[in-house]
Amino acid sequence: MNAAFIESHIFRPSPFFQGQYLTTDKASKGTIEYENGVIKTIEGFPKDVTAKVLYEETGYNKDYKPFSILLIDQLLVAPPKVSKSAADNAEDVLHLKTSFIECKTFLMSFKEHVNILANINDEIHQFNTNYMILPGYLDDVETRLASMCSRATKAICKANKHPKKHDKRFQDNISNSVESYIVGSVHHKVFPVIRDELKAKDAALANRISSLDGVTGDQLGIRDEFICPLPESVVELANLDNLTTPLEKLMALKTTIDRLTEGVNTAVEERQNPTDKEQLCLTSDDLLPILVSLIIQSKCPYLESNLYYIQHFHWSDSSKDEFGYILVTFQAALEFLNSTDFHNLRPAKQKLNKEVGIEKILEIASKDNEEQANQNAANIHPIQLSRSEKQLERITRMLEETTAEDLKYKDEYKPLGLGKPTRYSGVPDVIPLQDPSRKREQLGDFLSALQNDGFDTCSSDANSSPFG
């Protein structure tokens, strides 16, 4: 909105005719008539408008003199037009970036960042080639990288010339992007050390999860009303180790809980009798055992290491405030898993159904593809185009592992040139169990059809410069 638009909707009484009002611009070129709850434009407007007054309120200026505020059903003058490209760009710079590629692309989109990014690139290279991470000294690594991110963020914010540079959301986006780029660039050096430091905890958690394989939801304390399959959440959590930046991993945890909540609420609505007056609500006490069940099904091998990585290598205050409860919820779920005695579980009320059909898995991937297609059509966030395809590709590979015994694993996903990720021997329970009586050829045709699709893959040269 500009001044002309605002002034065309602020009026003072006409000194000549009762019931008429003049616009507050210098020339007072606009005149309206206000009577019986209806405003009519008289002169000085592009076209004749008759607007109904829906609501009236009284306000007071600094001299305590009253004025009326009218809510009308239509504008008297059309607002200034903003080009679609400008509107899209304004939305894009305020949209939170999470992945390494998104953050890199965002930072490189400003030409005034070139020299600063070159300096950042040099510091990252020095860290990766010369800095030795000693066991027990992760605190020093955290301090060094946090200092590097702080200096880079200040330099980029000072150099940036974007009109939104003073918007808090834009500044938060810069801060998150710098952090994700720097930490993502050293992920291949830092995260293996974190895994070594926490290997005892990860191993203990893996053993506990393995011992609980086959435990049903009611045995874990989930209320009968909330027991339902949640394959979307399982797939999201099982993919955690394939992500690179702390913020990206944190967003995956958030998505896991969001899809958990949506799935449970949908199941409750479908089962509930329409005549029931009492509405069931998912509380934090109900959420914890459901989340524990998801952790058991996803078989994420380095969950302890991932939570440490998020907690100690993500420093942006804005994201911490917004997503802090997510991290706390997962930490509480792990504490529940590690400290609870599961030896005397009550008998299961129903048989555990670990199998989720192929149709359901395709439905998950298709939903993500549809959402992605909508984003692509809107041309708002083009850098997110390949995420759903990668997820469908990952599901296809896991299906292949369970059906083709002699199929040699071929890694098609090398995130950001950081080498082949470690694979966990366990397969998430979202993958369907095979029926021995089922013909092998039928599933082979299905997998063959999937393989014919052109999925995107992400790879890069590990020795290349992060900004190429």
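This is a predicted model: local features need pLDDT of at least 70, side-chain atom pairs count only at pLDDT 80 or more; totals for chains, interfaces and linings use all residues.
Local features are reported only at pLDDT of at least 70 and side-chain atom pairs only at pLDDT 80 or more, whereas totals for chains, interfaces and linings use all residues. Residues are numbered from 1 along each chain as its sequence is written, and side-chain values use heavy atoms, with hydrogens and water left out.

The protein chain contains 16 helices and 6 strands; helices (H or I, at least four residues) and strands (E, at least two) are DSSP runs, numbered from the N terminus. Of its 468 residues, 43% are buried, where buried means under 20% relative accessible area, exposed over 50%, and partly exposed in between (1.4 Å probe, protein chains only). The chain exposes about 26500 Å², of which carbon and sulfur atoms supply 51%; accessible areas come from the Shrake-Rupley method with a 1.4 Å probe, and for residues only the protein chains shown count as cover. Contact here means heavy atoms within 4.5 Å. Among contacts between residues at least 6 apart in sequence, 71% join residues at least 24 apart.

In soluble globular proteins, nonpolar side chains tend to be buried together. A nonpolar core is defined as a set of buried Ala, Val, Leu, Ile, Met, Phe, Trp, Tyr and Cys residues joined through side-chain atoms within 4.5 Å. The largest such core has 42 residues, and Ile295, Phe330 and Leu337 have the most contacts inside it. Two or more residues each come from α8 (199–211), α9 (231–238), α10 (246–271), α11 (284–298), α12 (303–313) and α13 (317–339). Helix α10 gives the most, with 9 residues. Beyond four places in sequence, Leu337 touches Leu205, Arg208, Leu212, Val292, Ile295, Ile296 and Phe342.

Apart from this core lies another, of 36 residues, including Leu138, Phe170, Ile194 and Leu198. Ile194 belongs to helix α7 (residues 187–197) and counts as buried because its relative accessible area is 0%. Leaving aside neighbours within four places in sequence, Ile194 is in contact with Leu138, Ser305, Tyr308, Tyr309 and Phe313. Its C-alpha atom is separated by 8.6 Å from that of Asn306, 112 residues apart along the chain.

Tyr55 sits in strand β5 (residues 50–60) and, at 47% relative accessibility, is partly exposed.

Most residues other than glycine have a negative phi, and most peptide bonds are trans. Asn36, which is not a glycine, has a positive phi of about 55 degrees; this residue is in the loop between β3 (31–35) and β4 (38–43) and is exposed, at 73% relative accessibility. Lys299 likewise has a positive phi of about 55 degrees without being a glycine, but lies in the loop between α11 and α12 and is buried, at 15%. The structure holds 0 disulfides, a disulfide being a pair of cysteine sulfur atoms within 2.5 Å. Cys149 is buried at 5% relative accessibility, whereas Cys281 is exposed at 52%.
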